[in-house]
Amino acid sequence: MKTKKNDPFQHLKDWIENGDSALEVEMQDELDDTESQPLPKEPAGPQKKLFVLDKKNVLKRLNIWYAVAAFAVCLALIGVLVYAAAQLPKFGGADTLVDSEVTAFYVENTMEETGAVNIVTGIILDYRGFDTLGESHVLFIAVCTVLLLLSIHGEKDEEQKLKADAYDRHFEPHHDEVLQCCARLLTPLVLIFGLYIIANGHLSPGGGFSGGAILGAGLILYQNAFGYKKTERFFTFRTFKLVSLCALLFYSLAKGYHFFTGANHIPNGISAGHVGNILSAGLLLPLNFVVGCVVACTMYALYTMFRRGEF
Amino acid sequence: MEALNVILLLFILVCAVAVSRTKNLLSAVIIFMAQGLAMSVVWILLRSPDLAITEAAVGAGITSILMFIALKKIHAIKEEGEADENEEE
């Protein structure tokens, strides 16, 4: 076993040594004669040396070309962006986008059609519903990638797990009184504020993304103050999987149903309700909740994966 | 209100330059956090409170926390702890 393990290193060492000596010889060669071409009849040694030199030259040339190409691409990109920015309508101008059909339509009809007082939510969750679905999936995919890269779940090496656990609180005190007192006061307020923002998404500024981010931040604060044992009572990997799956599935199905019936002019049984009530605006409230759940789970999952590699 | 706007925008500019000029990674993240907070106030002044909420929670809060953890993972935060140990010795 040992010889097998040593083999590649030995090979590497040989190669490095050869390469080094080749370089020295090469320098002398260059001094003597600038034009040195590989001869086919020469033994393997010199050929190797020349190969090393060629590689170096090619790399040098490539580096120069790389710099030039990068500079050119940057210039081209800057040019395109500046040109595009110059074509944009003037910021804050009196007649900017007033004549746009879509804008006028949204401003006039959003509240009526979707029942949302906050027409931003009306637009992003109704007219542009698939955009938001895509964004939720992007978040989910980001967490999946982080899970793939950083997860130590199912790691057979127990030592590594213990190491990660020990390193987890390397710079932090285990029970910080100040942090715990603040967290005890703040966490409920933060969570309630997040829920309020989600629930009022169709009435006041906010919505699923902002509220979900606040919920996630509250969870992170709680976890930081009280440790994994307390959070594991209500939030484990299983919870994350269940909530994310149900939320994304519900969003896809509800939005699919809504768009299908709307596009075919079939009555869908979803009424806007009394505009201004919490329980109104049809699908917007549940969709806001669903997006909020996905965002909160994502934030917390990113945090725990970065921190410990495990829930 | 105009003055506050100008001050905040200048603060953001200074922060943005400072982040790239700072050698200490920990300070860089904290400056980045301050920039995010100023940015969220600017969003309020631009009358988009929903963006302000998101910026405060994500830009100033969660991003910085993730960066702190990343710094810890790459062993970039260690001066304080080591200094304490040296003093004790």
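Where does α7(A) bend, and which proline follows within four residues? Helix α7(A) bends by about 35 degrees at A:L186, and the proline that follows within four residues is A:P188; the bend at a residue is the angle between axes fitted to the seven residues ending there and the seven starting there.

## Basis of the model

This is a predicted model, in which local features need pLDDT of at least 70 and side-chain atom pairs count only at pLDDT 80 or more, whereas totals for chains, interfaces and linings use all residues. Residues are numbered from 1 along each chain as its sequence is written, while chains are lettered from A and ligands numbered from 1 in the order in which they are written.

Chain A holds eleven helices and zero strands, where helices (H or I, at least four residues) and strands (E, at least two) are DSSP runs numbered from the N terminus. Of its 311 residues, 23% count as buried, a residue being buried if 20 or more other C-beta atoms lie within 10 Å of its own, exposed if 12 or fewer, and partly exposed in between, with C-beta atoms placed from the backbone. Among contacts in chain A between residues at least 6 apart in sequence, 71% join residues at least 24 apart; two residues are in contact if their C-beta atoms, placed from the backbone, lie within 7 Å.

Helix α7(A), residues 177-199, has 23 residues and reaches 33 Å from its first C-alpha to its last, close to the 33 Å expected at 1.5 Å a residue, the expected span being 1.5 Å times one less than the number of residues. Its buried residues are A:V190, A:G194, A:I197 and A:I198, and these pack against α8 and α11 of chain A together with α3 of chain B. Helix α3(A), residues 101-114, reaches 18 Å with its 14 residues, close to the expected 20 Å; α3(A) bends by about 45 degrees at A:E108 and is followed by A:G115, whose phi is positive, near 80 degrees.

## Helix pairs

In chain B, the axes of α2 (residues 25-45) and α3 (residues 49-73) come within 7 Å and cross at roughly 175 degrees, where axes are lines fitted to C-alpha atoms, for helices over the stretch in contact, and angles run from 0 to 180 degrees between N-to-C directions. The two helices are therefore roughly antiparallel to each other; angles under 35 degrees count as roughly parallel, over 145 as roughly antiparallel, 65 to 115 as roughly perpendicular and the rest as oblique. By class, the contact of α2(B) with α3(B) has 17 nonpolar, four polar and one charged residues, with Ala, Val, Leu, Ile, Met, Phe, Trp, Tyr, Cys and Pro counted as nonpolar, Asp, Glu, Lys and Arg as charged, and the others, Gly among them, as polar. In the loop between α2 and α3 of chain B lies B:R47, which has a positive phi of about 65 degrees although it is not a glycine; B:R47 is exposed, with 9 other C-beta atoms within 10 Å.

In chain A, the axes of α4 (residues 119-127) and α11 come within 10 Å and cross at roughly 85 degrees, which makes α4(A) roughly perpendicular to α11(A).

## Contact between the chains

The contact takes 18 residues from chain A and 15 residues from chain B. On the side of chain A that touches chain B, α8 (208-226) and α11 (284-307) each supply at least two residues, and the largest share, seven residues, comes from α8(A).
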